[in-house]
Amino acid sequence: MAYIHIPNVAIRGISACVPKNVVKNESLGEIFPEEELKKVIDSVGIIERRIVDKDICASDLCFHAAEKLFNDLDIDRDSIDVLIFMSQTSDFRIPATAPILQHRLGLSKNSICFDVSLACSGYVYALTTAFTYLNLPNINRVLLLDGETFSKIVNPKDKTNALLYGDAGTATLLEKQDGEGFKAVLHTDGEGWNAVGVTGGGCRNPFKEESLVEKQREDGSIGNELEVHMDGVEVFNFTLRVVPKSIKELLEKTETNISDYGSIVFHQANKFMIEFFAKKMKYDMANVPISLDKFGNTSSATIPLTIVSELKNRSSINKKVLMCGFGAGLSWATASIDLSDTFISDLIEV
């Protein structure tokens, strides 16, 4: 376990952008029998998802989220010292997307810009990276853009994944600020690397004509090598095993109790799992925000999207939050931070 404590840092603001296009999961009757579809929707909890048009990328959603945050907070763009783009659905293989966003947003050419690629634990990992930069003497502001457009890499006939994934882009502005700061525990288990992934098109398995051939996989799912696959049973069991333990580890390291936190924001993968975690931790589900019913699983973007869509209008005095992400890698991370001084923008659509 890697325990990280970064004092004297804070999240200044968070914004999120989703596509206007709404897809109801009840419309997937072509690949699910009616009774089975209803059971799956009830169990997973995803009623509808937001899906981008074919010419919109994750970077576009993040761009609009960043513009919203800059305007809401009246941010001087030259004050951004570091830009991090967290995504598995970047614009291109080369170049990285962060420099493109630096140019589009009109940030200084002196800014540090780079991409991070990780799955559903990615937001917590990227926050850790971003906050680490703020420990440096000449770094005062970091902009973290986290967005995914998994709809572009999911086969619409794949019963395992077709009703899960939605698209979203988010922006998180981090600054130096006196206080306890950010605390996190991070984990990795690469033995399970093949549980979730897109195995074609990289240097290990380069693109070839066969990469586009649609096949039925051993678990019954459908897709080609350029579309995401998931061993649902393995991921489900892994998640139930590691997430409660990860939360307990953070509580022990920070010498806090679960009741000290006003909310727990989980990665939005599955309603049953989130309810299981809350019950396991003996934590009130009323303080566990759910956004997956409206947006689906937006991979690494689910945590900031949930904060914007669900926590903005909550009147709770206790703004101390636990965040927990988990997914492909296999990778998982839990963090704590106080959002008392954090501005949350209104959710926008494009």
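Modeller: Here's a walk through that core, and then through some ring contacts. Keep in mind that this is a predicted model. The largest nonpolar core has 46 residues, and the ones touching the most other members are Val243, Ile247, Ile258, Phe266, Leu322 and Phe326. Helices H1 (34-44), H5 (232-254) and H6 (271-280) each put in at least two residues, as do strands E14 (263-266) and E15 (320-327). H5 gives the largest share, with seven. Take Leu322: leaving out residues up to four places away in sequence, its contacts include Ile247, Leu250, Leu251, Ile258 and Tyr261, plus Thr334, Ala335 and Ser336. There's also another core, apart from this one, with 41 residues, Val82, Phe131, Val142 and Ile344 among them.

Now the rings. Searching the whole structure turns up eight aromatic pairs. One of them is Phe150 with Tyr165, tilted, at 4.9 Å centre to centre and with 40 degrees between the planes. Both Phe150 and Tyr165 sit in the loop between strands E7 (141-149) and E8 (167-176), 15 residues apart, and both are buried. Phe266 and Phe277 make a tilted pair as well, 5.2 Å centre to centre with the planes at 40 degrees. Since Phe266 belongs to strand E14 and Phe277 to helix H6, that pair ties together parts 11 residues apart in sequence. Phe266 is buried at 1% relative accessible area, and Phe277 is buried at 0%. Ring pairs also join Phe266 and Phe277 with Phe276 and Phe326 in a cluster.

Terms used. Residues are numbered from 1 along each chain as its sequence is written. This is a predicted model: local features need pLDDT of at least 70, side-chain atom pairs count only at pLDDT 80 or more; totals for chains, interfaces and linings use all residues. Side-chain values use heavy atoms; hydrogens and water are left out. A nonpolar core is a set of buried Ala, Val, Leu, Ile, Met, Phe, Trp, Tyr and Cys residues joined through side-chain atoms within 4.5 Å. Buried means under 20% relative accessible area, exposed over 50%, partly exposed in between (1.4 Å probe, protein chains only). Helices (H or I, at least four residues) and strands (E, at least two) are DSSP runs, numbered from the N terminus. Contact means heavy atoms within 4.5 Å. Rings of Phe, Tyr and Trp (its six-membered ring) pair if their centres lie within 6.5 Å; planes under 30 degrees apart count as stacked, over 60 as edge-to-face and the rest as tilted.
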